[in-house]
Amino acid sequence: KVLDAVADAVGVDLKKDPLEIDTNLDLKLSDEANKMIADKLKNDLDNLMLDSKLDDFKDFADKSSEILGAITDFANAEFERELTIEQNKTNALNTELNNRLNNENLSKEQRASIQNQIAQNDEKLRVKQEAIEKKKFKMNKAANIAKALIDTASAAAGVMADSKGDFFARLAQAIPTIAFGLAQVATIARQKFQSSASKTPISTT
């Protein structure tokens, strides 16, 4: 019945020999129908390409975040190595001075001088370690901001890839994710380095 209805609509008599069917019948779609199909195909193709690009971007962002994490871990290990080296140097100096305090017959003034030298060594160590910690803080702050931005972009791309519609329709779905990520970036950006302070009065005379 469906075939009959279609045949009647286009003027084809299904009872006739197919070879006798008028081949001059205009069975072409209207311009409007052609445009609708073309637009639908283009939209579907654009969405497929957008999905692919978003997936590719998310993979790239995730890999970038992983590489950034590895670089940050390596840099932090180097900072810790510097801190340990400076600590060991000071420990060696102060151990020698403490041995003198324990093993030599020293006057009150000499003992005070050695004790002051130990305090000065500790203060020099604090200053060196603070400089290293400050560099470490700045590096980690920059890395954390970069990672937060990359993770935000990755999360937004994931939301957009799972959404439907054109770019702007998908972007609208990702706005809350982007806003949350940027709030994290702002929180990291507000962080300040906390300087240590000398606890022991030191005589430099």
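Select S154 to begin: this residue sits in helix 3, where helices (H or I, at least four residues) and strands (E, at least two) are DSSP runs numbered from the N terminus. S154 is buried, because its relative accessibility is 4%, and buried here means under 20% relative accessible area, with exposed meaning over 50% and partly exposed lying in between (1.4 Å probe, protein chains only). Before going on, bear in mind that the model is predicted, that local features need pLDDT of at least 70, that side-chain atom pairs count only at pLDDT 80 or more, and that totals for chains, interfaces and linings use all residues. Residues are numbered from 1 along each chain as its sequence is written, and side-chain values use heavy atoms, with hydrogens and water left out.

Apart from neighbours within four places in sequence, S154 is in contact (heavy atoms within 4.5 Å) with K58, A61 and D62.

What does a relative accessibility of 34% make N98? N98 counts as partly exposed. Show I114 as well: N98 and I114 are 16 residues apart along the chain, and their C-alpha atoms are separated by 8.1 Å.

The next stop is I188, placed in helix 4 and counted as buried because its relative accessibility is 15%. Leaving aside neighbours within four places in sequence, I188 is in contact with K141, N144, I145 and A148. For N144, the separation from I188 is 44 residues in sequence and 7.2 Å in space, C-alpha to C-alpha.

Colour helix 3 and helix 4 (residues 167–189) to view the pair, whose axes come within 8 Å and cross at roughly 160°; axes are lines fitted to C-alpha atoms, for helices over the stretch in contact, and angles run from 0 to 180 degrees between N-to-C directions. Helix 3 is therefore roughly antiparallel to helix 4, given that angles under 35 degrees count as roughly parallel, over 145 as roughly antiparallel, 65 to 115 as roughly perpendicular and the rest as oblique. The residues that make the contact include N144, A148 and T152 of helix 3 and A174, G181 and I188 of helix 4.

Finally, show the whole chain, which has 4 helices and 0 strands, its elements running α-α-α-α from the N terminus. Of its 205 residues, 22% count as buried. Among contacts in the chain with a separation of 6 or more, 72% are accounted for by residues 24 or more positions apart.
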